[in-house]
Amino acid sequence: MKRLIATLAAGAAVLATPAMADELRESLDDKMPALMELYKDLHAHPELSFEETRTAAKLAELMRAEGFDVTEGVGQTGVVSVLRNGEGPTVMIRADMDGLPVVEQTGLPYASTQKATPASGVTTGVMHACGHDTHMSAFIGAARLLAERKDEWSGTLVMILQPAEEIGLGALAMLEDGLYTRFPTPDYAIAFHDAAQFPAGTIGYSPGYALANVDSVDIVIPGVGGHGAYPHTTKDPIVLASAVVMKLQTLVSRESSPLDPAVITVGSFHAGAKHNIISDEARLQLTVRSYSDESRKLLLDGIARVARGEAIAAGMPEDKMPTVTVEDPYTPSTYNSPDYTETAMTAMRARFGVDRVMQVPSVMGGEDFGQFLRNGDDDMKSLIFWVGGVPQERLDAAARGEASLPSLHSPFWAPDAEKVIATAAEALAAESLRLMPRK
């Protein structure tokens, strides 16, 4: 693939001067009332993963109005918008669209009252409890800023609206539907996520691993059932499963390097139905988090080994060994290209000020944005950053012990949307301009 523009070192020289920052910001200020109306509409009409039909159609029309070549239905409900503007690198900006099966309790005047039935089969409320409505609104803001500044940059802009991030399948669905073959392959992939732990309008970043591999693991542990009064005539799967649960923790504490973060959490333990009956089966559900492929393999191999080893120790016959199933596909870790990340954040500090841009610890949460780098060219660069969304008054109240801070996915999560959207739209547009300078 053709790589035209400047090295990162050259790009670092294209830092925003105060005048450039003021001009871009003033243009965005004029757009904010319309972006906030868009945000309120998106917030009030969330849709579940792979069901984002209204959302996708609405945003596709807005992108066409900015002069983009728009393709809908990529990866089921995804949207790809391309703006070719001469020779230069290809920059891809991504926003995710799906909401969550959460009953909103924010009390906002535009709170969601939508209902849907997810794969669980249980009808529930739907809410943008992870802030994807701010992601999409900032995405449109960045698109408008860049479309009106075509004389300031040269290259190809690919802006994608991704479905199904919340279930970790949307990025892969778009890739498998030809994202990198039907459309220009990116030199740079950029995204942001709102954050429920940082002050509204601040920017956080983590060079290298930023978010974790996410594996869902199911373990079925057979036993020999019987009367609870005569345990010697049974093979108790609850006792066996309890031993497995405890032994699994040593994979992190004694087999994984303490310098390599890892998590094994048993989130569900189901067995039995009555006080005096020893069941013939126990079921465990695990979430497993890691960063590197090597660490992931160590944990998954260890889980299978521990389950089998504890069953052998309990005297279970070969035909009653535990069954370990790892969900496929899984969500791979998200990796920020270190040198590129530092260069981009140097530019953002120059634009926003050192007090608003900070390096933050990596997290063990998951984000399928990592799929785009994993499936890209070897020299592709990738960056996802955080934009704080906590209103200042909420932070002050929490500091006084008068309030708690809701997390992402909470029914009470209500970010300072205006600050999130304004900061993210400016950051996405400014970084794209920096990467694609017109010579």
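**A charge over a ring, then rings, sheet and core**

Me: Which residue lies over the face of Tyr 330?
Reply: This is a predicted model, and the ring to look for is that of Tyr 330, which has a side chain lying over its face at 3.5 Å from the ring centre. A charge counts as sitting over a ring when CZ of Arg is within 6 Å of the ring centre and within 35 degrees of the ring normal. The residue that lies there is Arg 296.

Me: Are the rings of Tyr 39 and Tyr 110 stacked or edge-to-face?
Reply: The search of the whole structure finds six aromatic pairs, and in the pair of Tyr 39 and Tyr 110 the ring centres are 5.8 Å apart, with the planes at 80 degrees. Planes over 60 degrees apart count as edge-to-face. The angle of 80 degrees therefore makes this pair edge-to-face.

Me: How many residues apart are Tyr 39 and Tyr 110 in the chain?
Reply: Tyr 39 belongs to helix H2 (residues 18-44), whereas Tyr 110 is in the loop between E3 and strand E4 (115-116). The pair thus links distant parts of the chain, and the separation is 71 residues.

Me: Is Tyr 209 buried or partly exposed?
Reply: Tyr 209, in strand E9 (residues 208-211), forms a pair with Tyr 335, in strand E16 (residues 334-336), and these two residues form one aromatic cluster together with Tyr 291. Buried means under 20% relative accessible area and exposed over 50%. Because the relative accessible area of Tyr 209 is 31%, Tyr 209 is partly exposed.

Me: Which are the edge strands of the open sheet of eight strands?
Reply: The order of the open sheet is E1-E2-E6-E3-E7-E18-E8-E17, with mixed pairing, and the twist averages 25 degrees from one strand to the next. Within this sheet, nine bridges join E7 (residues 188-199) to E18 (residues 381-390), which run parallel. The edge strands, each of which pairs on one side only, are strand E1 (69-74) and strand E17 (357-359).

Notes: Residues numbered from 1 in each chain as written. Predicted model: local features only at pLDDT ≥ 70, side-chain atom pairs only at ≥ 80, totals over all residues. Heavy atoms only, no water. Pairing = 2+ DSSP bridges. Helix = DSSP H or I, 4+ residues; strand = E, 2+ residues; numbered from the N terminus. Axes fitted to C-alpha atoms, helices over the stretch in contact; angles between N-to-C directions. Phe/Tyr/Trp six-rings, centres within 6.5 Å; stacked < 30°, edge-to-face > 60°. Buried < 20%, exposed > 50% of the residue type's maximum accessible area, 1.4 Å probe, protein only.
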